[in-house]
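Biologist: I would like to go through the labels used for this protein one at a time. For each, please give the value and the cut-off behind the label.

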Amino acid sequence: MQKIRKEQGITLLALVITIIILLILAGITISAITGDNGIIGNAGQAKKETEISNEKEIVEKATVQAMGNNKYGNIEESELQGQLDKETKEGETEVSDVGDEFEVAFHESNRYYTVDKDGNVEGAYEIIEDIHPGDITVGKDGETLDGSEEKPYEIWCIEDLCAFSNEVNKGTSFLNKYIKLMRDLNFNSDFSYVNGNISVDGNIQSCQSIEELKKLLTENEGFYPIGDGSTVISVFTGILDGNHKIIKNIYINRPDMTVGLFGTTLIQYSDMLIKDLSISGDITGNTVGGIYGILSNTNPNVCVKIENCTSDVTIEGKVTGGIIGGVGSGSNSSYIMISNCINTGKINGDTRAGGILGQHYNNDAKIVNCYNLGNISGEGDVGGIIGYDYRGSNVINSYNLGNVTSNSNAGGIIGYLNWAERMIENCYNIGKVSGKVAGGILGGLNTSNELLITKNCYYLNTNISKGIGGWDSSKETLEDIQGLSDTEMKSTEILEKLNNYVTENITMKDVVLKKWIVGEDGYPGFDNN
């Protein structure tokens, strides 16, 4: 009897162990089937990728047909829609002309694709539904956000962007708070709006529909800038993470205002940062920049940084810059860094214009790893990088390819320099420069109090005959500027000199100098990898 009980006990123990093993195996199997990387999950992802591939192929095929049916090779909205209807069932897709491109929506999958005027297809993009439009303190799915680095305030739609502008202009500076752009936004696209229910234009006009809001933002005076500077508190002093997204087709027409995506900011208490943001559109104002109108820092203990930003904005105004219209006036020890920024837009200024910065006053400003591709013009001081500079800026490791035209001072890098020491280092210009006083690197120059120092700078001597247009100086001007032929500018020797240059005016903490490689048309360009 004891033996039988012992055997039964062993059998029961084995059964329990077997059950546990089966449960463990079952758990692994369930996880393998239902987990994020399980069989079901992978099958769902594969199905989605197949759908996207098929949709994109449909759009590409319809685009080729639409271009082929036009004698000029252009794309017409009605023709593209007609070709899509042939490739799918009528009503399954919808084409919208959003200015510089078309959007093709697939209603069933809730996805859309973009087609530019050259027929290039991009996507797929999810049609986002934000359940709390106009409230950046709540995520698109309803989650609470506190503006910390871990839970930044989120911008998902145009209504959110307008609400952000309203809050800043009412006096919320977002000091030490983080704001993140969650997706590309296009002022001309219905997909960038949710319901249109928001107040805009400094909280003056209230809209109730997408059509009404879109019309208000793309006609007449257009978007109201973030931070109008009407009071010392109506400025942004936080951290905006552009998240490598783009705001397309911004439109501002306010000739008497300081405008840009951001209007005016005065930094007094903490560091400020705007990064990883691109913008396109048309902006007209008094002092105008694609990213900022006027940016000032009065506190030498804090740093203001604009980094990794691109502007493809057509800009008109009195003082204009591709990234920033004007910097200053703060103390000459206040620190502003503009790094890794690009302008591709056309810029015109009545008095001053620059590809990156229109005018600079009285700050320790550094422009590093920046370049301009747009044509820059104006009546006064015009430069490929800076239009007018007064006290203390450095331009380092930067270049200009755009044409620079002025009725006064014109320079491939800086239009006019006035007073105090400057460093222009490791820069080149191949754009055509024309003006009353014009130079391949510098236009007009006054160094009656301090030195101008240029190091390792080059210009294309087939476009202009001298590096510095002219100067009035009672002190020595130290030059290291060379005029080169087209062949010399494209040589490996110049590439090596640019790459081997070492500066003492920035540190690794500030920004790392970008590596130079053979770029477009054989001229030196940056390695952005």
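Biologist: Why is threonine 114 called buried?

Modeller: First, the basis: this is a predicted model, in which local features need pLDDT of at least 70 and side-chain atom pairs count only at pLDDT 80 or more, while totals for chains, interfaces and linings use all residues. Residues are numbered from 1 along each chain as its sequence is written, and side-chain values use heavy atoms, with hydrogens and water left out. Buried means under 20% relative accessible area, exposed over 50%, and partly exposed in between, with a 1.4 Å probe and protein chains only. Threonine 114 has a relative accessible area of 6%, so it is buried.

Biologist: Where is threonine 114 found, and with which residues is it in contact?

Modeller: Threonine 114 is in strand β3; helices (H or I, at least four residues) and strands (E, at least two) are DSSP runs, numbered from the N terminus. Contact means heavy atoms within 4.5 Å. Leaving aside neighbours within four places in sequence, threonine 114 is in contact with Glu101, Phe102, Glu103, Asn120, Val121, Glu122 and Tyr125.

Biologist: What makes a space a cavity, and what makes it a pocket?

Modeller: On a 1 Å grid over the protein atoms alone, a cavity is a set of points where a 1.4 Å probe fits but cannot get out; a pocket is an open set with protein on both sides within 12 Å along at least five of seven lines, and lining residues have an atom within 4 Å of a point. Points are joined across faces, edges and corners, and the volume is the space filled by probe spheres set on them. The structure holds four cavities of 30 Å³ or more. The largest has about 100 Å³ of space, and Thr114 is one of its lining residues, which also include Glu101, Tyr125, Asp184 and Lys248. Strands β2 (101–106), β3 (111–116) and β7 (185–186) give two or more residues each to that lining.

Biologist: How are the residues lining the second largest cavity classed?

Modeller: Ala, Val, Leu, Ile, Met, Phe, Trp, Tyr, Cys and Pro count as nonpolar, Asp, Glu, Lys and Arg as charged, and the others, Gly among them, as polar. The lining of the second largest cavity has nine nonpolar, one polar and no charged residues. Its volume is about 50 Å³, and β10 (239–253) gives the most to its lining, with three residues. The largest pocket, of about 220 Å³, has a lining of two nonpolar, three polar and five charged residues.

Biologist: What makes a group of residues a nonpolar core?

Modeller: The members are buried Ala, Val, Leu, Ile, Met, Phe, Trp, Tyr and Cys residues joined through side-chain atoms within 4.5 Å. The largest such core has 86 residues, and Phe164, Phe236 and Tyr292 are among those with the most contacts inside it. Helix α4 (residues 158–169) gives the most to this core, with six residues. A second, separate core of 15 residues includes Tyr399 and Leu460.

Biologist: Why does arginine 352 count as buried?

Modeller: The relative accessibility of arginine 352 is 18%, so it counts as buried. Arginine 352 is found in strand β19 (residues 347–354).

Biologist: What joins the side chains of arginine 352 and glutamine 359?

Modeller: A polar contact of 2.9 Å joins them. The term covers a pair of N or O atoms within 3.5 Å; within protein, one must be able to donate a hydrogen and the other to accept it, and residues adjacent in sequence count only if both atoms are side-chain atoms.
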